[in-house]
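With the structure open in a viewer, please follow this tour one selection at a time. Each stop names what to select and then says what is there.

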Amino acid sequence: RSKAEMRHTCRGTINLATANITVEDSCNFIISNGGAQTYHLKASSEVERQRWVTALELAKAKAVKMLAESDESDNEESVSQTDKTELQNTLRTLSSKVEDLSTCNDLIAKHGTALQRSLSELETLKLPAESNEKIKQVNERATLFRITSNAMINACRDFLMLAQTHSKKWQKSLQYERDQRIRLEETLEQLAKQHNHLERAFRGATVLPASAPRSGGSAKDECCPGKGDLSDEDDDNEFFDAPEIITVPESMGHKRTGSNISGASSDLSLDEQYKHQPEDTKKEKRTRIPNKPNYSLNLWSIMKNCIGKELSKIPMPVNFNEPLSMLQRLTEDLEYHELLDRAAKCESSLEQLCYVAAFTVSSYSTTVFRTSKPFNPLLGETFELDRLEENGYRSLCEQVSHHPPAAAHHAHSKHGWTLRQEIKITSKFRGKYISIMPLGTIHCIFHSSGNHYTWKKVTTTVHNIIVGKLWIDQSGEIEIINHKTGDKCNLKFVPYSYFSRDVARKVTGEVTDPSGKVHFVLLGTWDEKMDCFKVLPGSGENGAEGRQRAEESQVLLWKRNPLPKNAENMYYFSELALTLNALESGTAPTDSRLRPDQRLMENGRWDEANAEKQRLEEKQRISRKKREAEAMKATEDGTPYDPYKALWFERKKDPVTKELAHVYRGGYWESKEKQDWSSCPDIF
């Protein structure tokens, strides 16, 4: 500003009610009134700019509302000509109907008077006494009929007058609601555009350093440059327009080892995948999958068709999914199985409980960037993970119920532990976010000591469902109990707060003996690491001296493994997740790896995957209706009917928790060794 300008306190004004507020870049924004006046404003930071824009938008909404309430004539003029014509036609129709009723009333009155006159003349005649009585009754009823008709006509006339009197008020209220709806739609569209602009600007800023010449890069790598570690906070947003050209790099462009990685290119057909993949799955685990296509998706076009429908019966496209099933996601809990291996070697049950607590927290580390939902398993679907040679454990999952969805999991390790669980998933849509609440108890038993631990999972929340970038948070408390010794560990997952200065995704915990005395303090985050601090006897458990000594006894229990290279283009899968859907020979015909819609999605053929998904879901519905019909027929005939039973798990009452749960009955690995899958249902 010049010195002359400094003398003035204001350069001019723009009416907020008609102002147009747009964002130019991270710090600049523009206010204009349609061309006559335009102000370019600059904030000190992106956060400050957003605060100004939000405040101005709120002030604009208030100004528009005050203008609408104060100036009645403006509201009347703002009503469209179509609405006026429609309202006038309605009033004209009402008037004509009232006139018709009035004509009918006149006729009724005329004929009623004539009827009463005729009845009066009959009374003057010399008739028997009974006839005179009847004539009086008819005369009274005719009078009542005429009075009622007059009342009806008067009520219709009053209604018409009332409609004419209040028509302007109704007109104004209707227009105000329409304006509010249009303003809300424009605001949402503007927010979406701002978010898309910021996301693209962030991507561009992140990709710039990668444009330098690289020694090992290929030409195809440059089409989809890797973002490195800085891009972990970014996610592919599925709700905005995709680029016109979608390039899927070849699988050999980002090899981590010198081995051939079959099944990684989306150019391979399904038959070729089935043919080539099993050759190297036993020794060489794949380190990448085809890149995720950046298809556009209009969320509102899907949601508006879901109104009034049951959420579990809405066919959702694979655009919301990742190419893994819920059974495979459940198996990912074993990614940090070495924590249980270390726990099995602990002589102290309290130290062992620390490692079990770290294992519990580690199962959430894979969710931090994974905003896509896994495939819902079909009833009877299974998933095995045989890592007996490499890691010393075997895992088996089976979908044991469809409504409500429930999956049973059993893992056994030669290092001295067994893990089993049955998880039922319930969810609630809250408008801006979805809460996912896993129900069920997780059991971990150590063979040598006989220590039996149980715990439950916390609530997972997916935020920004409608507008903005999706992000996940974990909140709640977990109580891990050693049913043999009575030791306990209380873990608290602190929910994220924008106004809190505390560490994001924080987890705190205390390990106590049966008397309630604290022996260890746990501190960390569910997406990075967990530390353990020993509380020494004689020092206050919450005192300064105890805290100082605890810092000196710090032990790192767990730290998250880094994501693979180019993970942002592969659904943010971990190294274990990348291997879960790789085809292996000898698995059951119900294994998730053989699910065709999931395989098509992994290969980037989403349209075919959607069609295949609908076919599988319809096949499952037919099977369910058939079972229901058989059960109804058995009830009518009075014959016994066996409900659906899981193949590899049986429902029992747990002796520790007294809950009914599915427990592994055995036989799967023996059937695999014999390759006898005759008892498996045809679900694919």
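Begin with strand 7 and strand 8, which a hairpin joins through four residues; helices (H or I, at least four residues) and strands (E, at least two) are DSSP runs, numbered from the N terminus. The model is a predicted one, in which local features need pLDDT of at least 70 and side-chain atom pairs count only at pLDDT 80 or more, while totals for chains, interfaces and linings use all residues. Residues are numbered from 1 along each chain as its sequence is written, and side-chain values use heavy atoms, with hydrogens and water left out.

Select residues 393–401 and 406–413 together: strand 7 and strand 8 pair in the antiparallel sense over eight bridges, where pairing requires that DSSP finds at least two bridges between two strands. Within this pairing, Tyr393 stands opposite Ser413 of strand 8. Seven of the nine residues of strand 7 are buried, that is, under 20% relative accessible area, with exposed meaning over 50% and partly exposed in between (1.4 Å probe, protein chains only).

Thr382 has Glu398 of strand 7 as its bridge partner. These two strands form a hairpin with five residues between them, and in the turn Gly392 has a positive phi of about 85 degrees.

Now show Glu390 and Lys285, which form a salt bridge with the closest N and O atoms 3.5 Å apart; the term stands for a side-chain nitrogen of Lys or Arg within 4 Å of a carboxyl oxygen of Asp or Glu. Because Glu390 lies in the loop between strand 6 and strand 7 and Lys285 in the loop between helix 6 and helix 7, the pair ties together parts that are 105 residues apart in sequence.

Move on to Glu332 and Arg370, whose side chains meet in a salt bridge at 2.7 Å, N to O. Glu332 is buried, at 2% relative accessible area, and Arg370 is buried too, at 3%.

Finally, colour the chain by pLDDT, the predictor's confidence in each residue from 0 to 100: the chain averages 78, and 77% of the residues score at least 70. Over residues 72–79 the pLDDT is below 50, and this stretch has 12 contacts (heavy atoms within 4.5 Å) beyond near neighbours in sequence. Where pLDDT is low, the predicted coordinates should not be read in detail.
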